[in-house]
Amino acid sequence: MSEAISKHPGGREVRFSRFGPPEEVLEIGERELPEPTSGQALVRLLASPVNPADLNIVEGVYGVRPELPAVPGMEGCGEVLRCPGGELAVGSRVIFLRKGGAWAEEMVLPTEDLIAVPEAIDPVQAAMLGVNPLTALRLLEGFVDLKPGDWIVQNAANSNVGRCVIQLARERGVSTVNLVRRESLREELLGLGASVVLLDDEEMVAKALEATGGRRPVLALNAVGGDSALRQMDFLERRGSHVTYGAMSRQSLKVPNKFVIFKELTITGFWITKWLEESARAKIEESYVLLSQFVVEGKLEQAVDGSYPLEEVRAACRRAGEEGRGGKVILVPRRG
Ligand SMILES: NC(=O)c1ccc[n+]([C@@H]2O[C@H](COP(=O)([O-])OP(=O)(O)OC[C@H]3O[C@@H](n4cnc5c(N)ncnc54)[C@H](OP(=O)(O)O)[C@@H]3O)[C@@H](O)[C@H]2O)c1
């Protein structure tokens, strides 16, 4: 005989019952939630960003495909409404990282998936801490022992990850060559602490060497692929590391043999999902404490293009897929 589970109204959720373009397949519905038990918390959503991975998951083209129907949303910031085991104080602000499920007004989550963040943190900034800033931190810490004065190069430098890389590198005294698609981004990225901003074109290596006084980077961060990645390899120092973490151009990496034979480059990749699965909770918490502190101190800020209530999720996803945005698109429970 199955035991009846007490349920309560959990507000609205965004859901999809088939894979496809988010503007077509996402819907809004009401949900019921089980009462949280020990080891769980009832959390009210404050904000959640629309990341490229969220769109890819709804399209069915991401590295993992959820069972349908599913609620999208990989990260967010919320407020604890109830926590029967007392692991988290009622009213405390938390961030969470999920394989999905964040685009809902309320959710019951395991407390081990929740990280408390300072009350002083802006919930929208906190909502974006889970994926991109942590990715930027791991890209800077996980591959090369970077020292003040070292150079690194990154493409898609205007992406949220790229902007976090610029700010976190600046805090370490590491210089950055930042490759972009539009000249107009130069002043803004220099303002964040970028050392050099260049167009990602055939002249990049010559111009970059001129700008760095002949210094070559020890680390290249690649979120584009194709020719852009090869130019980074050309620019890298001998025995430098080339790390692919995104594929915005959807072009493959076809690496000329000379880069691995004569230059002895290390060519590798990174996926934050695996890092989170395989890392100790203490290490993950330590990383988020550091990043939260940077946000509170004004040393790390992510740009926001605009906020949309959950019921406007289709418009939010359309905007998130457009070129020339001024930052992340944010979902909030209600307007205002
Ligand atoms: N591996 C991981 O663990 C991990 C974690 C987080 C993110 N990512 C990946 O990192 C990348 C950036 O994520 P994000 O959330 O920071 O992105 P975002 O803020 O949405 O920015 C996307 C960036 O990609 C650029 N871009 C788009 N299409 C392009 C193309 N065809 N060629 C060159 N550049 C192009 C855009 O350039 P404009 O500024 O000129 O529009 C923009 O700078 C994505 O590929 C994402 O999937 C990977």
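Of the 336 residues in the protein chain, 40% count as buried, where buried means 20 or more other C-beta atoms within 10 Å of a residue's own, exposed means 12 or fewer, partly exposed falls in between, and C-beta atoms are placed from the backbone. Please keep in mind that this is a predicted model: local features need pLDDT of at least 70, side-chain atom pairs count only at pLDDT 80 or more, and totals for chains, interfaces and linings use all residues. Residues are numbered from 1 along each chain as its sequence is written.

**Overall build**

The protein chain has 12 helices and 15 strands; these are DSSP runs numbered from the N terminus, with helices being H or I of at least four residues and strands E of at least two. The radius of gyration is 21 Å, close to the 20 Å from the globule rule for 336 residues, so the protein chain is as compact as a globular protein of that length. That radius is taken over C-alpha atoms, and the globule rule is 2.2 Å times the number of residues to the power 0.38. Along its principal axes, the C-alpha trace spans about 70 × 40 × 40 Å.

The domain assignment gives domain 1 (7–128 + 302–332) and domain 2 (132–273), with bounds from an automatic or database domain assignment. Their C-alpha centres lie 30 Å apart. The contact between them takes four residues from domain 1 and four residues from domain 2; two residues are in contact if their C-beta atoms, placed from the backbone, lie within 7 Å.

The largest nonpolar core holds 89 residues, among which I95, V165, V313 and L331 touch the most other members. Such a core is a set of buried Ala, Val, Leu, Ile, Met, Phe, Trp, Tyr and Cys residues joined through C-beta atoms within 7 Å. Helix 5 (residues 160–172) gives the most to this core, with six residues. Both domain 1 and domain 2 give residues to this core, so it lies between them. Setting aside residues up to four places away in sequence, V313 touches V14, L26, W103, Y308 and L331.

**Around the ligand**

The ligand is surrounded by 24 residues, the closest being N158, S159, N160, G246 and I272; a residue counts as near when its C-beta atom, placed from the backbone, lies within 6 Å. This shell divides into 12 nonpolar, nine polar and three charged residues. Here Ala, Val, Leu, Ile, Met, Phe, Trp, Tyr, Cys and Pro count as nonpolar, Asp, Glu, Lys and Arg as charged, and the others, Gly among them, as polar. Domain 1 and domain 2 each supply at least three residues of the shell, and helix 2 (52–59), helix 4 (132–141) and helix 5 each supply at least two.

Helix 4 has eight of its 10 residues buried, so it is largely enclosed by the rest of the structure. Those buried residues pack against helix 5, strand 11 (219–222), strand 12 (241–244), helix 10 (272–278) and helix 11 (281–296).

**Two residues to look up**

V64 sits in the loop between helix 2 and strand 4 (75–82), while I267 belongs to strand 13 (residues 266–269). Here is how they compare in surroundings:

| Residue | State | Other C-beta atoms within 10 Å |
|---|---|---|
| V64 | exposed | 10 C-beta atoms |
| I267 | partly exposed | 17 C-beta atoms |

V64 and K99 are 35 residues apart in sequence and 8.7 Å apart in space, C-alpha to C-alpha. Apart from neighbours within four places in sequence, I267 is in contact with H242, V255 and V260.
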